[in-house]
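Please look over the sequence and the model below before reading on, since the paragraphs that follow go from the chain as a whole to its pocket.

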Amino acid sequence: MKKRNTAFFCSLLLMVIISSCAGNKKVSAYEYKPDSQELHNTIVQQDSIFFEAYNTCNLDLQAKYFSDSIEFYHDKGGLMTSKQQLLDGTRKNICGKVTRELVKGSIEVYPIKNFGAVEMGLHKFRNNTEKEGTPSRAGKFIIIWQQINNEWKIKRVVSLH
């Protein structure tokens with residue numbers, strides 16, 4: 001009986017030691033590496049072109065980028081599925097009032113076979129009517145890009161602030 005208790009105690013002690021050692025392992029920081037550097041570079045470039053048009057109120061170029069069946073999900077504004085309403089809302093609420101700033105190095109791009117790509121990242125929106133240097137919180141975004149005949153279209157957007 002005493003040998004069984006000692007064996008049980010030793011086994012229990014060994015499990016506690018192993019568990020505590022495992023808990024002390026350092027978890028390495030997440031590091032994104034694109035599946036395709038070429039695709040990553042392409043989407044980063046498309047993002048840059050689109051948001052330059054956004055920041056300068058080039059609605060014609062924005063219209064070319066948006067799919068006719070756009071779905072824009074905004075955590076505060078809800079769902080918008082009309083390309084024209086999205087452009088009208090940009091004209092009314094964004095043009096000259098808001099500037100989008102990408103958080104450098106935050107973009108991740110993942111291919112979607114036979115469709116396009118998913119872009120995820122962080123960005124800030126500066127209210128141009130506020131005093132210069134007013135802090136702005138970063139928000140997350142997801143853009144589903146569809147490639148049609150070598151053209152990239154924004155099919156879906158999720159914008160979280």
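Helices (H or I, at least four residues) and strands (E, at least two) are taken here as DSSP runs, numbered from the N terminus. On that basis, the secondary structure of this predicted model amounts to four helices and seven strands. Read from the N terminus, these elements follow the order α-α-α-β-β-α-β-β-β-β-β.

The chain has 161 residues, and buried residues account for 30% of them. Its exposed surface comes to about 11200 Å², of which 56% is supplied by carbon and sulfur atoms.

With the chain described, we can turn to its largest pocket, which holds about 530 Å³ of space. Which residues lie nearest the centre of this pocket? They are Tyr54, Phe72, His74, Leu86 and Ile94, out of a lining of 24 residues. Two or more lining residues come from each of helix H2 (37-55), strand S1 (66-74), strand S2 (78-80), helix H4 (83-93), strand S5 (116-127), strand S6 (139-148) and strand S7 (151-160). Among these elements, H4 gives the most to the lining of the largest pocket, contributing four residues.

Key: Residues are numbered from 1 along each chain as its sequence is written. This is a predicted model: local features need pLDDT of at least 70, side-chain atom pairs count only at pLDDT 80 or more; totals for chains, interfaces and linings use all residues. Side-chain values use heavy atoms; hydrogens and water are left out. On a 1 Å grid over the protein atoms alone, a cavity is a set of points where a 1.4 Å probe fits but cannot get out, and a pocket is an open set with protein on both sides within 12 Å along at least five of seven lines; lining residues have an atom within 4 Å of a point. Grid points are joined across faces, edges and corners, and a volume is the space filled by probe spheres set on the points. Buried means under 20% relative accessible area, exposed over 50%, partly exposed in between (1.4 Å probe, protein chains only). Accessible areas come from the Shrake-Rupley method with a 1.4 Å probe; for residues, only the protein chains shown count as cover.
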